[in-house]
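Dear colleague,

Please find below the sequence and structure that I am handing over to you. My findings follow directly after them.

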Amino acid sequence: MATPDNLKAMKDAGCYCITTGVENVHPAILKSMKKSITQEQAEKALANCYEAHMGCICNILTMDIAENKETVDYALAWLRKNQKYTLNCSHIQAYPGTALHNEYVKNGTISTFDFLEKGCPFPIR
């Protein structure tokens, strides 16, 4: 966790920027991704970085299997509200052998061969 003490030690060691994998902020998506962090914890870590004048790049993922209009709208509202941070939004990667890839193949979103033929597929629903 990006605590004030950890950030001070990192700055003292010469670190000037960190990248965080917040992944998402909607509780249902965090649960689907099996993440143990909460939106509140992510916000606290970002605020600590900001207050410590530590550069911080926050990565948010979309297109989880549980994603829907409500969760996307929620994440977009959060992104708009937190524009003072450096935010990076990208789609989740459904690598072969992962639970996500297997679920996409099972429900017909992608085929088993999409990864080989198209690279890491962007699941369109």
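In this predicted model, Lys35 and Glu23 form a salt bridge through their side chains, with an N to O distance of 3.7 Å. Lys35 belongs to the loop between helix H2 (27–32) and helix H3 (39–51), while Glu23 is part of strand S1 (residues 17–23), so this pair ties together parts that are 12 residues apart in sequence. Lys35 is partly exposed, its relative accessible area being 36%. Glu23, in contrast, counts as buried at 16% relative accessibility, because the cut-off for buried is under 20%.

The whole structure contains three salt bridges. Another links Lys69 with Asp73 at 2.7 Å, N to O. These two residues are four apart in helix H4 (residues 69–81), about one helical turn. Lys69 is exposed, with a relative accessible area of 61%, and Asp73 is partly exposed at 36%. Asp12 also pairs with Lys8, their closest N and O atoms lying 2.8 Å apart. Both residues are in helix H1, four residues apart, and both are exposed.

As to confidence, the mean pLDDT of the protein is 86, with 90% of its residues at 70 or more. Among the elements, helix H1 (residues 4–12) has the highest mean pLDDT (95) and helix H6 (residues 114–118) the lowest (64). Where pLDDT is low, the predicted coordinates should not be read in detail.

With kind regards

Notes:
Residues numbered from 1 in each chain as written. Predicted model: local features only at pLDDT ≥ 70, side-chain atom pairs only at ≥ 80, totals over all residues. Heavy atoms only, no water. pLDDT = per-residue confidence, 0-100. Salt bridge = Lys/Arg side-chain N within 4 Å of Asp/Glu carboxyl O. Buried < 20%, exposed > 50% of the residue type's maximum accessible area, 1.4 Å probe, protein only.
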